[in-house]
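Work through the following exercises with the model open beside you, trying each task before reading its solution.

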Amino acid sequence: MKETILQTRYPDAESSQTIGLLRWVLIALVVVIHTNLVADSRAANPAYTEFYRWFGNVVWLANPLFYLISGYLFVASRDGFGWKVFAGKCRGRLKTWLIPYLLWNTIFLLFYGVVGLLYPS
């Protein structure tokens with residue numbers, strides 16, 4: 001039987017190293033976005049305007065690429081991918097994402113309410 005990309009065993013060493021390296025590059029690009037380096041450099045060096053315009057567009061690809069990697073890792077599975085695997089992964093995400101989200105929001109709202117009662121404005 002011919003293997004498809006969703007039936008291959010993951011993570012193999014090469015894919016893991018490639019994704020790891022890409023993650024570091026994307027993290028650096030996100031840092032560049034948040035430092036506003038491209039906008040500051042464009043104003044300081046008008047001779048490099050074209051390079052900074054190109055680089056400024058490239059750094060904004062970091063966030064969508066993180067989503068692309070996350071989607072790939074979500075569907076990549078040692079057992080192939082089907083509705084049972086998908087449902088199991090979604091149940092796992094509910095436990096690891098939704099419960100902490102609700103817990104911390106509840107704690108914050110209680111804290112906010114207590115502070116509001118102690119120090120009314």
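**Exercise 1.** Determine how H1 and H4 are oriented relative to each other.

*Solution.* Begin with the geometry: the axes of helix H1 (residues 13-35) and helix H4 (residues 62-75) come within 9 Å and cross at roughly 150°, where axes are lines fitted to C-alpha atoms, for helices over the stretch in contact, and angles run from 0 to 180 degrees between N-to-C directions. Angles over 145 degrees count as roughly antiparallel, under 35 as roughly parallel, 65 to 115 as roughly perpendicular and the rest as oblique. H1 and H4 are therefore roughly antiparallel to each other.

Next, identify the residues in contact (heavy atoms within 4.5 Å): H1 contributes Ile19, Leu22, Arg23, Leu26, Ile27, Leu29 and Val30, while H4 contributes Ala62, Leu65, Phe66, Ile69, Tyr72 and Leu73. Sorted by class, the contact of H1 with H4 holds 12 nonpolar, no polar and 1 charged residues, with Ala, Val, Leu, Ile, Met, Phe, Trp, Tyr, Cys and Pro counted as nonpolar, Asp, Glu, Lys and Arg as charged, and the others, Gly among them, as polar.

The model is predicted, so local features need pLDDT of at least 70 and side-chain atom pairs count only at pLDDT 80 or more, whereas totals for chains, interfaces and linings use all residues. Residues are numbered from 1 along each chain as its sequence is written, and side-chain values use heavy atoms, with hydrogens and water left out.

**Exercise 2.** Describe how H4 and H5 pack, and classify the angle.

*Solution.* The axes of H4 and H5 are 10 Å apart and the helices pack at an angle of about 120°, which makes H4 oblique to H5. On the H4 side the contact involves Leu73, Phe74 and Val75, which meet Phe86, Lys89, Cys90 and Arg93 in H5. This contact of H4 with H5 comprises 5 nonpolar, no polar and 2 charged residues.

**Exercise 3.** Is Lys89 buried or exposed, and which backbone oxygen lies 2.5 Å from a polar atom of its side chain?

*Solution.* Locate Lys89 in helix H5 (residues 83-118). Lys89 has a relative accessible area of 17% and is therefore buried, the term meaning under 20%, with exposed over 50% and partly exposed in between (1.4 Å probe, protein chains only). The backbone oxygen in question belongs to Phe74.

How values were computed: Helix = DSSP H or I, 4+ residues; strand = E, 2+ residues; numbered from the N terminus. Polar contact = N/O pair within 3.5 Å; in protein donor to acceptor, adjacent residues only side chain to side chain.
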